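Hi everyone, thanks for coming. I'd like to walk you through one model today, beginning with a bit of strand pairing and ending at a pocket.

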Amino acid sequence: DSKVVVQQDRQLSLEDFTAGYLRNSRIINNYITVPVDFVFVLNPKYTTENNEKMLDNSKGNFRISAGVYGGVRYLSQSQILYKNFEDHKANYRENINGSVNNFLFGGKLSLGYGALNVFIKKDFTSIFNDNAKINNKYGIQIGLELLYINF
């Protein structure tokens with residue numbers, strides 16, 4: 001869609017792009033988050049170090065984990081990449097204030113084997129507040145996590 005996020009008087013809305021040929025438009029919200037995860041290992045494999053029995057993460061352990069996270073926003077930006085009518089590339093960035101919630105809270109579920117986790121995260125608080133005229137205000141992420149690296 002050739003829509004971009006426009007901020008006017010601390011209100012966000014989606015509008016058609018008319019300044020050239022739109023390549024990409026996005027909002028980037030940066031949060032400092034703190035996670036709390038509970039991990040259940042289905043087939044634990046152990047090793048002994050310093051006369052203590054410890055879980056050996058280098059072996060193939062199956063894991064299921066669930067957790068919550070909370071965060072504080074430190075920057076929100078609208079970025080627009082486009083070509084103008086003279087066919088020159090342009091990049092426009094604008095800081096967003098007043099339309100994004102300052103705090104974030106959500107949950108996470110993941111399945112893992114060895115060093116890899118497949119996760120899904122869902123925000124319980126909306127990313128945008130009532131000043132944003134955007135339909136979908138809740139974030140969801142699906143991804144792959146690398147848990148550790150052995151050198």
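Let me start with pairing: two strands count as paired if DSSP finds at least two bridges between them. Strands themselves are DSSP runs of E, at least two residues long, numbered from the N terminus. This is a predicted model, where local features need pLDDT of at least 70 and side-chain atom pairs pLDDT 80 or more, while totals for chains, interfaces and linings use all residues. Residues are numbered from 1 along each chain as its sequence is written, and side-chain values use heavy atoms, without hydrogens and water.

So, what is the strand order in the open sheet of three strands? It reads β1-β2-β10, and the pairing is mixed. On one side, β2 (residues 11-16) pairs with β10 in the parallel sense over two bridges, and Leu12 sits opposite Ala132 in β10. On the other, β1 and β2 run antiparallel, joined by six bridges; Lys3 has Asp16 in β2 as its bridge partner. The β1 and β2 hairpin has two residues between the strands, and Asp9 there takes a positive phi near 50°.

Now the largest pocket, at about 190 Å³. A pocket here is an open set of points on a 1 Å grid, where a 1.4 Å probe fits, with protein on both sides within 12 Å along at least five of seven lines; lining residues have an atom within 4 Å of a point. The volume is the space filled by probe spheres set on the points, which are joined across faces, edges and corners. Among the lining residues are Tyr31, Lys121 and Asp123. β3 gives the largest share, three residues.

Technical notes:
Helix = DSSP H or I, 4+ residues; strand = E, 2+ residues; numbered from the N terminus.
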